[in-house]
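Below is a brief report on one protein chain.

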Amino acid sequence: MLNVMREQANPTQRETRTMPYDVVALVLQGGGALGAYQAGVYQGLHEAGIRPNWLAGISIGALNAAIIAGSPEGERVERLREFWESICACPVGWPTGEGLADALPFAFDLRSANNAVAATRALFQGQPGFFKPRFPFPFWSPFSGDAATSFYDTSPLGKTLERLVDFDRLNSGEVRVSVGAVNVRTGNLIYFDTAERKLDAKHFMASGALPPAFPAVEIEGEHYWDGGVAWNTPLSRVLSAEPCDTLTFQVDLWSARGRVPHDMMEVSSRQKDIQYSSRTRAITDQALRMQKMRQALHRTLARLPESAKQDTELRTIADMARHCSHNIIHLIYQSKIYEGQSKDYEFGLSAMRAHWQSGLEDIRRTLADPRRLDVPPPELGIVTHDVHRPD
């Protein structure tokens with residue numbers, strides 16, 4: 001198995017494909033342990049020679065973005081694999097999920113048992129290179145601050161990011177990086193963006209500081225929580241940029257669609273899906289309205305005499321009315337029937353590998369139809385694709 005994993009981690013290097021877009025964006029949603037699905041999607045893009053020039057992420061999506069943007073191009077998949085294998089490793093002294101599952105009666109679903117063990121281990125022991133439990137618990141802490149406001153210490157994550165991410169490379173401008181976090185004081189979602197400032201490990205840790213598990217991260221006197229507290233996808237950040245032709249790979253870890261729950265465990269799982277799923281339809285509907293407005297402005301300006309078009313304000317309007325195209329390729333992790341409400345903190349190696357493989361298979365299926373990469377016709381302006389739905 002290990003040799004197979006290493007082979008997958010070093011896919012054949014292909015030349016960068018020239019895409020007919022100004023921006024090729026990779027948008028990564030939050031979702032904890034499910035984030036390995038995003039790593040699999042990136043591997044498929046890398047294999048196909050598609051190199052995003054804008055990475056936007058929230059929570060675990062921000063951490064994946066940091067690894068990708070902060071690694072040499074030829075080492076990105078390998079660094080992602082190292083990150084995921086590190087944070088999903090089983091700490092010494094706890095029985096492995098595989099061993100425990102094998103000891104259970106045959107009637108049990110072994111995958112469910114593996115995942116349950118991984119989730120329990122994460123709760124009680126934390127995950128190496130990611131987070132560790134606080135003792136005493138915050139309710140009993142004699143101190144204020146992080147010790148009294150979070151269950152886990154995320155200082156191991158800071159060390160992992162410093163080890164795996166070259167922040168000079170990340171801030172070089174080679175790839176734009178935007179990560180979302182919520183200002184705890186104001187409640188506003190903000191973006192830390194390399195187009196505006198230099199980013200370090202704290203900015204990515206802030207994006208993934210999900211309360212009450214993780215502590216808020218202080219940056220320049222303000223405290224920040226996980227961006228998913230307010231909005232779990234940075235898609236609007238990409239689509240609201242100045243008009244330009246954009247190809248967006250939006251990789252989601254929660255599906256808004258799903259079956260009606262049959263028991264209380266499914267209720268909890270389904271509630272998470274709905275709560276954290278991307279409001280893609282709302283965002284794309286807004287983008288479509290903006291597109292129609294630009295088209296109407298363009299037609300109106302065309303009727304004006306040339307002398308009027310030299311007016312400063314009209315020239316500003318004309319720039320706003322400039323045509324742009326958005327092709328949004330949606331990749332959504334499809335929950336498995338054996339996964340429960342703890343799927344976002346089931347940091348086991350077997351679950352991680354299954355998530356990674358799902359992402360890799362979904363992007364390969366998507367790219368198997370080259371028409372999905374076509375620029376939308378001018379009369380449409382915006383198109384969306386989803387391999388799990390007919391176009």
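The largest cavity has a volume of about 40 Å³. In this report a cavity is a set of points, on a 1 Å grid over the protein atoms alone, where a 1.4 Å probe fits but cannot get out. Grid points are joined across faces, edges and corners, and a volume is the space filled by probe spheres set on the points. The count comes to one cavity of 30 Å³ or more. Lining residues, which have an atom within 4 Å of a point, include Thr154, Leu157, Met205 and Gly208 for the largest cavity. Ala209, Phe214, Pro215 and Val217 also line the largest cavity.

The model is predicted: local features need pLDDT of at least 70, side-chain atom pairs count only at pLDDT 80 or more, and totals for chains, interfaces and linings use all residues. Residues are numbered from 1 along each chain as its sequence is written, and side-chain values use heavy atoms, with hydrogens and water left out.

A pocket is an open set of points with protein on both sides within 12 Å along at least five of seven lines. The second largest pocket holds about 780 Å³ of space. Its lining counts 32 residues. Nearest its centre lie Leu210, Ala213, Phe214, Asp344 and Tyr345. Phe214 also lines the largest cavity. Helices α3 (60-69), α6 (110-125) and α12 (264-276) each supply at least two lining residues of this pocket. α6 gives the most, with three. Helices (H or I, at least four residues) and strands (E, at least two) are DSSP runs, numbered from the N terminus.

Next come the charge pairs. Side chains of opposite charge can pair when their charged atoms come close. The structure holds 13 salt bridges, each a side-chain nitrogen of Lys or Arg within 4 Å of a carboxyl oxygen of Asp or Glu.

| Salt bridge | N to O distance |
|---|---|
| Arg364 and Glu47 | 2.9 Å |
| Arg51 and Glu73 | 3.2 Å |
| Arg197 and Glu220 | 3.8 Å |

Arg364 and Glu47 meet in a salt bridge. The pair links helix α15 (residues 349-367) to helix α2 (residues 36-47), across 317 residues. Arg364 is partly exposed at 42% relative accessibility, whereas Glu47 is buried at 15%. Buried means under 20% relative accessible area, exposed over 50%, and partly exposed in between (1.4 Å probe, protein chains only).

Arg51 and Glu73 also meet in a salt bridge. Arg51 lies in the loop between α2 and β2 (54-58) and Glu73 in the loop between α3 and α4 (76-87), so the pair ties together parts 22 residues apart in sequence. Arg51 is buried at 11%; Glu73 is partly exposed at 27%.

In the pair of Arg197 and Glu220, Arg197 is partly exposed at 30% and Glu220 is exposed at 71%. A network of salt bridges links Arg176, Asp193, Glu196 and Arg237.

Which residues form a nonpolar patch on the surface? They are Phe135, Phe137, Phe139 and Trp140, with about 580 Å² of accessible area together. Such a patch joins nonpolar side chains (Val, Leu, Ile, Met, Phe, Trp, Tyr) within 5 Å, and like charges are joined within 9 Å; members have over 30% relative accessible area and no salt bridge. Areas come from the Shrake-Rupley method with a 1.4 Å probe. Trp140 sits in the loop between β3 (132-133) and α7 (146-149). Trp140 is exposed at 62%.

Over residues 30-35 the chain is 0% helix and 0% strand. The end C-alpha atoms are 7 Å apart.
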